[in-house]
Amino acid sequence: MTEATGIVGEFLSLKEETDADLLTMQCGDFYEFFGDDAETVADELDLTVSQKSSHGSSYPMAGVPVDDLTPYVSALVERGYRVAVADQHETADGHAREITRVVTPGTHLETGDESAQHLAAVVRELGRGDGDTYGIAVADVTTGQFQVTQLDDADGGAALTELYTFAPAEVLPGPDLRNDDDFLARLRERTDAALTLHDAESFAPGRASHAVREQFGGEAVDSVGVGEQDAAVRAAGAVLSYVEETGVGTLAAITRLQTYGAREYVDLDATTQRNLELTETMQGDRSGSLFDTLDHTVTAAGGRLLRRWLQRPRRDRGELARRQSCVAALTEGAMARERIRETLSDAYDLERLASRATSGSADARDLRAAQETLALLGQVSDAVTETERLAESPLADAVAGADRAAADDLAAALDDALVDDPPGTVKQGGLFRKGYDDDLDAVIEEHEAALEWLDTLPEREKERTGITHLSVDRNKTDGYYIQVGKSETDAVPDSYQHVKTLKNSKRYTIPDLDEKEREVLRLEERRHDLEYERFQALRERVAERATLLQDVGRTLAEVDALSSFAVHAVENDWTRPEVHDGQALSIEAGRHPVVEQTTEFVPNDLYMDEDRRFLIVTGPNMSGKSTYMRQAALVTLLAQVGSFVPARSASVGLVDGIYTRVGALDELAQGRSTFMVEMQELSNILHSATDESLVILDEVGRGTATFDGISIAWAATEYIANTVRSKTLFATHYHELTALGDELPTVENVHVAADETDGDVTFLRTVRDGPTDRSYGVHVADLAGVPEPVVDRSREVLDRLREDEAIEVRGGDRDGGGTTQAVFDLSSGQFASGESEPTDEPVATDGSRERAPADSSADDADGLGPEAEAVLSELRDLDVNETPPVELLAKVQNWQDDLEDA
Ligand code: ADP
Ligand code: MG
């Protein structure tokens with residue numbers, strides 16, 4: 001292939017400079033893609049490919065007009081590409097091109113989506129001590145949010161969970177993690193993030209901590225105690241350097257370093273977020289999720305914050321009490337609340353506007369939007385202070401947290417500068433009010449006088465010449481001209497110089513008009529340049545106040561989110577939960593927050609505490625077990641985001657994590673789960689949960705054969721009850737498990753009641769203490785009209801299956817001291833004998849069906865004398881098929897004699 005030269009050559013050499021996936025290069029009024037990039041872009045975006053010949057070779061080429069670049073780049077970035085943009089600029093000898101920015105999924109400013117857009121870096125430092133240390137930094141360039149944390153983790157699971165809660169658009173793995181295929185695979189599995197291998201140097205401790213100090217100042221860094229957190233600092237430094245390198249220009253909007261520890265938030269792993277349908281349903285719909293149900297926010301930023309709160313419940317009682325008090329005040333101050341929401345509905349997204357101002361992409365409409373929104377802070381705080389109930393609540397402090405005077409000043413300054421309804425372009429004037437700037441006023445005055453002269457020219461000329469069909473107009477080729485109707489062209493004076501003849505008219509010019517034209521063009525240009533200059537200065541001034549914009553934006557967002565809680569609480573009769581540090585969870589007449597929206601919900605109670613930590617939930621299919629358990633998790637979660645809850649009253653012991661596992665058949669049937677996944681998730685829960693966690697197990701063990709399933713469910717129950725000691729709700733269709741309620745001190749049974757009369761099952765939806773009184777499967781088959789012989793036979797088969805099966809229970813008493821041992825006989829559904837030694841009974845310690853009879857008799861033989869052993873051994877070796885009946889009889893006779901002698 002020949003070496004490409006010219007435009008294509010330039011393109012290819014720029015392409016060498018960048019590791020972006022695609023490059024687009026400005027060529028005059030177009031941005032062009034060449035070669036493979038052209039093909040890719042054409043495929044993705046349905047553009048036409050043409051051929052560009054260059055020195056005998058031909059290259060595919062696809063282009064978009066300069067003004068349309070943004071939507072095309074956005075579309076590419078949303079598909080996961082990183083796109084480098086090379087701009088053209090004038091030089092002394094023609095023009096030159098260079099890459100000015102790289103637009104990537106995590107640094108994309110012109111996102112059409114209101115939800116947060118996260119760029120994350122993750123760094124691992126290998127094990128001092130037990131596990132490794134992970135540092136995570138997460139930025140949202142569209143709002144300037146920047147959060148950093150560090151955690152110790154044995155296998156990367158906790159780090160991945162942390163990343164997952166941010167749903168990052170792009171992740172920069174640190175040098176240590178790049179070759180860890182397992183980690184990267186797990187990351188890919190759980191997020192849609194683009195993975196970018198950013199310059200390893202920027203992760204180096206020295207360079208990273210320098211970048212962090214540069215950005216936030218040494219004091220800020222010391223005061224949040226990040227200084228010592230190497231891994232966190234390395235991640236933070238890498239994110240900052242990446243934002244700078246991609247040229248998005250929002251570095252200045254990242255004003256605040258927020259560090260947080262894992263202890264501040266409730267652990268919610270990916271599975272739990274999905275099972276609880278926090279932001280989307282199991283089917284992947286937004287509608288029907290908890291967020292969708294709860295969201296009454298009127299601003300984009302408020303919605304973002306609410307979503308964030310739901311994904312990150314808190315463990316800090318003080319913060320929860322603060323939010324609750326705000327919500328309580330807002331539920332009572334209905335008038336003020338509606339006034340506030342009405343006001344907020346005019347707000348624009350200040351955090352995003354701050355980023356746009358800093359990056360230099362804000363136009364005059366954006367600054368107007370910022371002005372209008374800044375001015376709302378005053379109105380909102382007036383509404384708060386003028387209402388006694390609100391003024392006395394922590395909402396007053398929240399509103400006072402943003403600097404109202406500064407917001408008013410900036411708003412006033414912007415209002416003095418910009419016209420009410422500025423145009424969407426910043427280079428064609430019309431942006432500023434009169435009186436804003438003397439120089440500008442002078443130019444504008446001259447410009448407008450010249451325009452006025454042009455406006456009135458037709459009147460003057462009509463009078464002078466007596467021509468009636470005369471007008472003055474302007475177009476691109478002819479500039480300004482006088483147009484005269486064909487019938488009157490004879491009356492045109494000699495001073496008119498002919499320019500052009502049209503079908504019905506002729507065009508002329510006169511020396512005065514030529515001169516005015518030059519003046520107008522000159523003034524126009526000066527005005528545009530000057531306005532643009534002044535605009536940039538104004539935008540710069542706003543950019544300098546990015547922190548103020550962010551503060552006000554966050555304050556308004558918080559008021560919006562809290563009001564949303566209040567609206568929902570009032571409309572749905574929710575109540576303020578008591579939150580405490582104990583283990584008890586008590587819910588009176590509780591409901592499921594989403595199901596109650598569409599169903600006549602039957603409220604039910606829940607009580608758990610230290611002595612009643614583990615509830616086995618039984619009841620027929622479709623009776624409401626899953627709903628009841630999720631409801632417990634959601635009430636706890638809502639209490640820990642500061643919301644009211646759907647119950648008559650509730651008292652919630654704060655939890656450090658909520659873990660759920662749904663092994664229900666519906667999950668499996670939809671191909672969303674395999675038994676392996678189910679077990680991995682169970683394993684994760686057994687490792688991660690603590691005695692301060694809430695665990696929801698829904699039909700765990702269902703994905704495998706019955707006896708396997710029972711064994712696992714049984715053992716997991718024992719382990720959680722004795723060792724992990726989490727608050728746990730376990731719905732199971734293994735009726736056998738209910739026996740554990742009697743044996744393990746902290747395990748209790750509850751069931752969802754159903755009523756059967758005359759062959760109909762009525763679901764009462766009420767939860768009562770104790771196990772369900774029977775195993776429902778066969779019974780339901782009976783009710784459903786399955787033929788009598790089948791039902792009878794299935795009862796027989798069921799009995800057979802249970803024959804000879806027994807499970808022992810291993811209990812720890814509450815102090816973890818001695819253990820209890822008991823044997824549960826599956827055939828009778830009862831414990832064979834309370835505390836007896838397992839060797840007295842035919843027992844399979846593993847409960848498995850595969851147990852060979854010969855082995856068990858060997859077990860039993862332990863306590864027998866030598867005669868009996870001899871008999872047994874003979875019996876075992878006897879080939880029944882080869883032995884004549886008479887001989888068999890004789891042998892049996894002999895054995896009986898032997899045993900009698902023994
Ligand atoms: P299970 O897990 O026992 O099979 P589910 O919890 O899935 O049952 O509930 C089955 C159906 O009953 C769901 O459609 C749910 O909406 C409804 N349901 C559950 N609990 C209640 C309740 N307390 N009041 C009204 N409807 C309920
Ligand atoms: Mg269920």
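Tyr260 is buried, at a relative accessible area of 8%, where buried means under 20%, exposed over 50% and partly exposed in between (1.4 Å probe, protein chains only). The model described here is predicted, so local features need pLDDT of at least 70 and side-chain atom pairs count only at pLDDT 80 or more, while totals for chains, interfaces and linings use all residues. Residues are numbered from 1 along each chain as its sequence is written, and side-chain values use heavy atoms, with hydrogens and water left out.

Rings of Phe, Tyr and Trp (its six-membered ring) pair if their centres lie within 6.5 Å; planes under 30 degrees apart are stacked, over 60 edge-to-face and the rest tilted. By this rule there are eight aromatic pairs. One of them joins Tyr260 to Tyr265: the ring centres are 5.3 Å apart and the planes meet at 80 degrees, so this pair is edge-to-face. Tyr265 is buried too, at 15%. Phe432 and Tyr436, by contrast, are stacked because their planes lie at 5 degrees, with centres 4.9 Å apart. Phe432 is buried at 4%, whereas Tyr436 is partly exposed at 26%.

Now for the strands, which are DSSP runs of E of at least two residues, numbered from the N terminus. Two strands pair if DSSP finds at least two bridges between them. Strand β2 (residues 30-34) has four of its five residues buried. Three bridges link β2 to β1 (residues 22-27) in the antiparallel sense, and Met25 stands opposite Glu32. β2 also runs antiparallel to β4 (residues 57-65), with five bridges; here Tyr31 partners Val64.

Conventions:
Chains are lettered from A and ligands numbered from 1 in the order in which they are written.
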